[in-house]
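Work through the exercises below with the sequence and the model at hand. Try each task before reading its solution.

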Amino acid sequence: ERGWGHLDVDPIFAAEAQRQAPVDLELMLQIEAEYQVTLTYHVVGCFLNEIKSTVEAAGHCIAFHSYDHDLATDQLDRCRAVDPTLKGYRPPRNVLTHELTDANLRSHGFQWLAASAGAFGFSTPRMEHGVAKIPVSLDDFALYKTRTPYTHWEAAALAHVRQHKFSAICLHDCYAPFWLPHYRDFLSRLRLLAQLRTFDAVAEELAQAPATRPEA
């Protein structure tokens, strides 16, 4: 999301995130290629076309993270004007706005919706009315908001993976200064604990076998 998520709350931080984003993205892709992992990139639609070909060329899944990170306006139509093919959507700040009904998501061609487990009220993926719901177990917001030490955050993340059949961990490029220096070690440890899959793959498994609970 670059700095879009902080324009209204921390404009100085947002400006720095915007400036640093291209460099951080290049390093993220480089590290992921080294470890031969394919992940899911949730991208703000207004700049999707700037990075889509680069991220897809690396083999990653891409989904929308709104059009412009604005919770006050409808986003799905503007997302689809940018790209009619992406399968997934993750709302800003995990807010399930009025437009994110199952019927509306289906009518816009979305196959899955990702949000925090707290927003959904459940912690394992499920299919509801033709839309796969993928709960995000934890993200990196605490690294920024409360300056949680990275070592504490990583320990909690890896503990969650050990203790649960499914975990979805989301990292923000704007918070890269807190976690990117440790990214190689994190991926190395994570790969020993889990089978890494994209959200597209999880959604497809749910569509094919709705009664199953995919492991990650």
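**Exercise 1.** By about how many helical turns are Glu-56 and Lys-52 separated in helix α2? The model you are using is a predicted one.

*Solution.* Step 1: locate the pair. Glu-56 and Lys-52 are four residues apart in helix α2, so about one helical turn separates them.
Step 1: look at the charged groups. The two residues form a salt bridge, and their closest N and O atoms are 4.0 Å apart.
Step 2: classify each residue. Buried means under 20% relative accessible area, and exposed means over 50%. Lys-52, at 16%, is therefore buried, whereas Glu-56, at 40%, is partly exposed.

**Exercise 2.** Determine which residues the salt bridges of Lys-133 join into one network.

*Solution.* Step 1: take the partner Asp-102. Its salt bridge with Lys-133 has closest N and O atoms 2.9 Å apart. Asp-102 lies in helix α4 (residues 102-107) and Lys-133 in strand β6 (residues 131-136), so this pair ties together parts that are 31 residues apart in sequence.
Step 1: check accessibility. Asp-102 is buried at 13%, and Lys-133 is buried at 6%.
Step 2: take the partner Glu-128. This residue also forms a salt bridge with Lys-133, with 2.8 Å between the closest N and O atoms. Glu-128 is partly exposed, at 24% relative accessible area.
Step 3: Through shared partners, salt bridges join Asp-102, Arg-126, Glu-128 and Lys-133 into one network. The structure holds 12 salt bridges.

**Exercise 3.** Is His-60 buried or exposed? Describe its surroundings.

*Solution.* Step 1: find the residue. His-60 sits in the loop between α2 (48-57) and β2 (61-64).
Step 1: apply the cut-off. Its relative accessibility is 7%, so His-60 counts as buried.
Step 2: list its contacts. Beyond its neighbours within four places in sequence, His-60 is in contact with residues including Leu-29, Val-37, Tyr-41 and Val-55. Its side chain also makes a polar contact of 3.1 Å with the side chain of Glu-32.

**Exercise 4.** Which residues have the most contacts inside the largest nonpolar core?

*Solution.* Step 1: recall the background. In soluble globular proteins, nonpolar side chains tend to be buried together.
Step 1: read off the core. It has 48 residues, and Tyr-89, Trp-179, Tyr-183 and Phe-186 have the most contacts inside it. Helix α1 (residues 11-34) supplies the largest share, six residues.
Step 2: look for another core. Apart from this one lies a core of 14 residues, among them Ala-114, Ala-132, Phe-199 and Leu-206.

Note on methods
Residues are numbered from 1 along each chain as its sequence is written. This is a predicted model: local features need pLDDT of at least 70, side-chain atom pairs count only at pLDDT 80 or more; totals for chains, interfaces and linings use all residues. Side-chain values use heavy atoms; hydrogens and water are left out. A nonpolar core is a set of buried Ala, Val, Leu, Ile, Met, Phe, Trp, Tyr and Cys residues joined through side-chain atoms within 4.5 Å. Buried means under 20% relative accessible area, exposed over 50%, partly exposed in between (1.4 Å probe, protein chains only). Helices (H or I, at least four residues) and strands (E, at least two) are DSSP runs, numbered from the N terminus. A polar contact is a pair of N or O atoms within 3.5 Å; within protein, one must be able to donate a hydrogen and the other to accept it, and residues adjacent in sequence count only if both atoms are side-chain atoms. Contact means heavy atoms within 4.5 Å. A salt bridge is a side-chain nitrogen of Lys or Arg within 4 Å of a carboxyl oxygen of Asp or Glu.
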